[in-house]
Amino acid sequence: MENETELKLIFWIGTSIMLLMALGFLIVVILYHKKVYRIRQKESENLLKTSFQIEKRERKRIASDLHDGIIGDLNAVRNYVSFLYTKEFETDKKSVLEDIKSSLDNTLVNIQNISYNLMPPLLDSFGLIHTLNDYLDRIKKWNNIDITAQYPVRNIIVSDTESHELYRIIQEIISNMIKYGNVSKIEFHIEKEDNKLKFIIMDNGTSFDFYTKLKDTQGMGLKNIISRCKQIGAELEQIHVVHGNKIIISLKNTIC
Amino acid sequence: MLRVAVTDDHTLFRKSLSFLINSFKNMEVVLEASNGQELLEKLKHQAIDILLLDLQMPKMDGFETYQRLNTEHPDIKVLVLTSLSEAEIIRKIMELGVHGYFTKNTDPNELERAILKLNEDGFYFEKSLANIIKDIIDTPSLNVSVEQPVAFTERETEILRLTLKEYSGIEIADTLYISPKTVEKHKRNLMEKTQSKNFIGVIMYAFSYNILSLNELKN
């Protein structure tokens with residue numbers, strides 16, 4: 001009888017040790033997975049950050065190569081053609097020179113637009129507000145859209161990276177609005193609230209839900225916006241309005 | 001013979017510009033420099049009347065160069081050459097008090113007229129400015145202090161209007177039946193009144209305070 005109790009005891013102790021070991025093993029595995037996941041996430045965040053930085057650098061490089069190199073060369077060619085034109089008296093040669101000049105003019109305008117889209121020249125030297133102002137002016141002229149922009153806060157202090165990402169975010173949102181929203185009116189303004197800078201964009205186009213659209217596989221532009229927000233620790237908030245859309249980008253800003 | 005200097009860091013462009021200017025009558029390029037520092041150095045040995053100045057240059061850019069020139073060589077008339085046509089840049093150029101600005105997009109043949117006008121009238125006002133001037137005035141909160149505008153007399157407004165129509169000093173005098181000297185006096189008065197460094201300042205002032213309407217520039 002005594003043997004039986006002892007055996008039972010040993011059996012139970014053995015089983016519990018086995019169970020504990022299994023449980024411990026399970027916990028180790030879960031913890032390990034969590035850690036790996038965290039490292040991976042960190043890695044992908046870093047990767048994204050680097051790729052944004054590289055993108056910015058390359059855009060800047062190409063834009064300045066175009067602007068300083070090619071545009072200068074083409075302007076020089078244009079001067080020479082202009083000289084030849086004034087010295088030429090044969091009508092057919094004159095008309096060829098005229099054609100050359102007008103194609104040069106077209107090329108120059110195209111390259112200037114490409115260079116501007118890659119990197120607006122004002123961003124580094126004149127800051128975010130002037131760049132946005134200029135960008136909205138261009139949109140107004142090209143798309144025949146009524147844009148009202150107000151900047152009650154003029155002296156905002158944001159870092160280079162922040163101003164670059166904010167510019168891209170706002171540009172992406174507005175070009176999405178124009179592309180898909182059937183928009184005829186856009187309002188843009190900047191507000192300061194507590195320690196936050198708020199960039200508010202409103203339109204009168206087709207309403208859409210930002211975060212539903214985001215899950216859509218086609219929403220590459222929107223995913224891009226969210227990633228860029230994450231980069232600079234900004235938040236994107238959509239306020240539901242009766243007509244059109246209202247999107248607020250808020251950035252924590254302790255200096256302003 | 002007008003003595004012209006060209007300052008631009010893009011060699012091929014600078015050469016082409018000098019070539020073009022040398023083909024114009026009564027003017028000659030006597031100095032070429034690739035940045036502001038080189039220009040100031042060369043100006044010690046060579047006098048000039050007109051300077052074509054690029055804005056974006058390494059070492060010493062156009063803005064800084066202009067400020068230095070203003071104190072060291074105030075007689076030189078400066079035409080800013082730029083490939084940038086953003087309202088903000090043009091506003092900054094205007095605020096510097098340069099005598100004229102010329103976008104690299106403008107027809108090169110217009111350059112001859114620009115240099116001659118700069119020499120005769122002391123300023124050159126590019127026509128394409130009409131499109132951008134509205135943007136500059138529409139966002140005045142950037143720098144202009146809000147104050148009561150000074151009043152222009154009828155005669156002063158008349159002179160301003162004729163100047164915008166590209167009348168020379170003598171033509172204005174003939175039209176208004178006054179002497180060229182009186183025209184000059186009125187122009188100087190206007191510059192003092194509006195605290196402008198040159199006549200472009202007066203024009204900008206007149207547009208900003210609606211003393212003249214922008215349509216007059218376009219016609």
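Guide: A residue is called buried if 20 or more other C-beta atoms lie within 10 Å of its own. The model before us is predicted.

Visitor: Which residues of α5(B) are buried?

Guide: B:Leu111, B:Ile115, B:Leu118 and B:Asp121 are buried in α5(B). They cover an arc of only 160° around the axis, which puts them on the same side of α5(B).

Visitor: How do you know that the span of helix α5 of chain B agrees with its number of residues?

Guide: At 1.5 Å a residue, the 12 residues of this helix, 110-121, should span 16 Å. The end C-alpha atoms are 16 Å apart, which agrees. The helix is followed by B:Gly122, whose phi is positive, near 85°.

Visitor: What makes β1 and β4 of chain A edge strands?

Guide: The open sheet of 5 strands in chain A has the order β1-β2-β3-β5-β4, with mixed pairing. β1 (146-150) and β4 (234-239) each have a single partner strand, so one side of each is left without a neighbour in the sheet.

Visitor: Why are β2 and β3 of chain A said to pair?

Guide: Two strands pair if DSSP finds at least two bridges between them. Here 8 bridges join β2(A) to β3(A), and the two strands run antiparallel; A:Ile190 stands opposite A:Phe199 in β3(A).

Visitor: Where in chain B does pLDDT stay under 50?

Guide: It stays under 50 over residues 141-146 of chain B. Where pLDDT is low, the predicted coordinates should not be read in detail. Chain B as a whole averages a pLDDT of 82.

Conventions:
Residues numbered from 1 in each chain as written. Chains lettered and ligands numbered in written order. Predicted model: local features only at pLDDT ≥ 70, side-chain atom pairs only at ≥ 80, totals over all residues. Helix = DSSP H or I, 4+ residues; strand = E, 2+ residues; numbered from the N terminus. Expected span 1.5 Å × (residues − 1). Buried ≥ 20, exposed ≤ 12 C-beta atoms within 10 Å, placed from the backbone. Arc of directions from axis to C-beta. pLDDT = per-residue confidence, 0-100. Contact = placed C-beta atoms within 7 Å.
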